[in-house]
Structure formats: C-alpha cells, structure tokens
Amino acid sequence: MEENHLFPVFFKLEQLQVLVVGGGNVGTEKVNAILQNCPAARVTVVATWFAPELESLTAGFPNVTLVQKAFSCGDLFGKDLVIAATADKELNACIWEKAKASKVLINVADTPALCDFYLGSVVQKGNLKIAISTNGKSPTIAKRLKEVLNDAIPETLESVLQHLHTLRDRLKGDFNDKVKKLNELTSVLVSRDH
C-alpha cells in the first residue's frame, strides 16, 4: 500500500523570495493562496499578460511585483521557491528544468511528478494552522477535509492558544517538566469523556 512520505513544513514567506510564472486563473489561484497564508509574502509574478483578477488581488500588497514579460532563466536569480502556473505544459517543463538546474524548489501546477512541494489545503484558526495533503492524489478530498475541520474547530481555540503560550512562558522547571504540565492541561482536548 502506498503511503504519503511528504515532509510537512511551514515556510516563512516574508523571509523568502517567491516566483510565480503565469498570470491567468491558475497563477491567480496560487498567488491568492500565498497571500491568504502570508500577506507579507515577497512574490514576483512573471507573465506575458495578467488577468484583471490578479491585478486587483495584488493591488494592496506592496511586496508583490507583477512583471509583464516572457519567462527567462534570469527570473530565477535570488528566488527560493518557484510556482509554474502557465497553461503551456512545455513552458512549465522548461521552468521546471531551469529551476532544478538552479537548485530552486519548484511546484508545477497540476503536474505532481514535477513538484518538489505541494500547496495543500489549509485550515486556520488564529495561530493554529493545519495543512492537508493527499500526496497530490485528490485536491477534492483535501478541500472537503478542510471544510470539515473548519466547522469542527471552534473559533475560541485561539484564546486557548494564547493562554497556553502565556502559561508556557511562566512555567518553571526544565523542558520535560514544562511538557508534562502542558500535556496535563491540554489532555481535555482529546478526552473521550467530553
């Protein structure tokens, strides 16, 4: 049976340089996902044209730059992550090839075999963020699980997180003592009696 061997990470996109190639619907979707998760993300979008939705989406984000031109190798210089989001499969494959040669992590939209990473469905309640991956198999399942978790996780969880953060800072003892105390306090979250 196949398993998901992806290693989940959360990037601090305000500290990285992101390149999105493609200004159409897919590019707009990817830029929107980035900005939803990190409004301070530093993103350069390169495309020969931009959908009006992308232009209006990015208008209020000073760290997003739209560059109207064809993709070239130089666009990868200084970039940490690349998302190829064009409708041209040959161009996407070329971007993948150039990114690999430059040792830049890349996601080629709708082409799992050409992805170093996937953009999962995300559930967020304040500081709690849960990313859902189906290993590229079914974005629809990930979307449905996102809906279920969004409904199941109470909005009040953010205040619980804040209180636990404050408590953690005040706890005395070594790391093991703090973990033990915090585990006792949060056991109510997984108790079968509640």
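Biologist: Let's start with Gly 136. Where in the chain is Gly 136 found?

Modeller: Gly 136 sits in the loop between β7 (128-132) and α4 (139-152). Keep in mind that this is a predicted model.

Biologist: Why does Gly 136 count as partly exposed?

Modeller: Its relative accessibility is 32%. Buried would need under 20% and exposed would need over 50%. The value of 32% falls in between, so Gly 136 counts as partly exposed.

Biologist: What makes Pro 112 and Tyr 118 contacts of Gly 136?

Modeller: A contact means heavy atoms within 4.5 Å. Once you leave aside the neighbours within four places in sequence, Gly 136 is in contact with Pro 112 and Tyr 118, so each of them has heavy atoms within 4.5 Å of Gly 136.

Biologist: And how far from Gly 136 is Glu 53, going by the C-alpha atoms?

Modeller: Those C-alpha atoms are separated by 26 Å, and the two residues are 83 residues apart along the chain.

Biologist: On to the sheet. Which strands form it, and in what order?

Modeller: Five strands make an open sheet, ordered β3-β2-β1-β4-β5, with parallel pairing. From one strand to the next, the twist averages 15 degrees.

Biologist: What makes β3 (64-68) and β5 (105-108) edge strands?

Modeller: Each of these two pairs on one side only.

Biologist: How do you know that β1 and β2 pair?

Modeller: Pairing takes at least two bridges. Strand β1 (residues 17-21) and strand β2 (residues 42-47) have five bridges, so they pass, and they pair in the parallel sense. Look for Val 18, which stands opposite Val 43 in β2.

Biologist: What holds strands like that together, in general?

Modeller: Strands of a sheet pair through backbone hydrogen bonds, parallel or antiparallel.

Biologist: Which strands does helix α1 lie across, and at what angle to β1 does it run?

Modeller: Helix α1 (residues 25-37) lies across β1, β2, β3 and β4 (81-84), and runs at about 160 degrees to β1.

Biologist: What about helix α3?

Modeller: Helix α3 (residues 89-101) lies across β1, β4 and β5, running at about 170 degrees to β5.

Biologist: Zooming out, how many helices and strands does the chain have?

Modeller: Six helices and seven strands. Buried residues make up 30% of its 194 residues.

Definitions and conventions
Residues numbered from 1 in each chain as written. Predicted model: local features only at pLDDT ≥ 70, side-chain atom pairs only at ≥ 80, totals over all residues. Heavy atoms only, no water. Helix = DSSP H or I, 4+ residues; strand = E, 2+ residues; numbered from the N terminus. Buried < 20%, exposed > 50% of the residue type's maximum accessible area, 1.4 Å probe, protein only. Axes fitted to C-alpha atoms, helices over the stretch in contact; angles between N-to-C directions.
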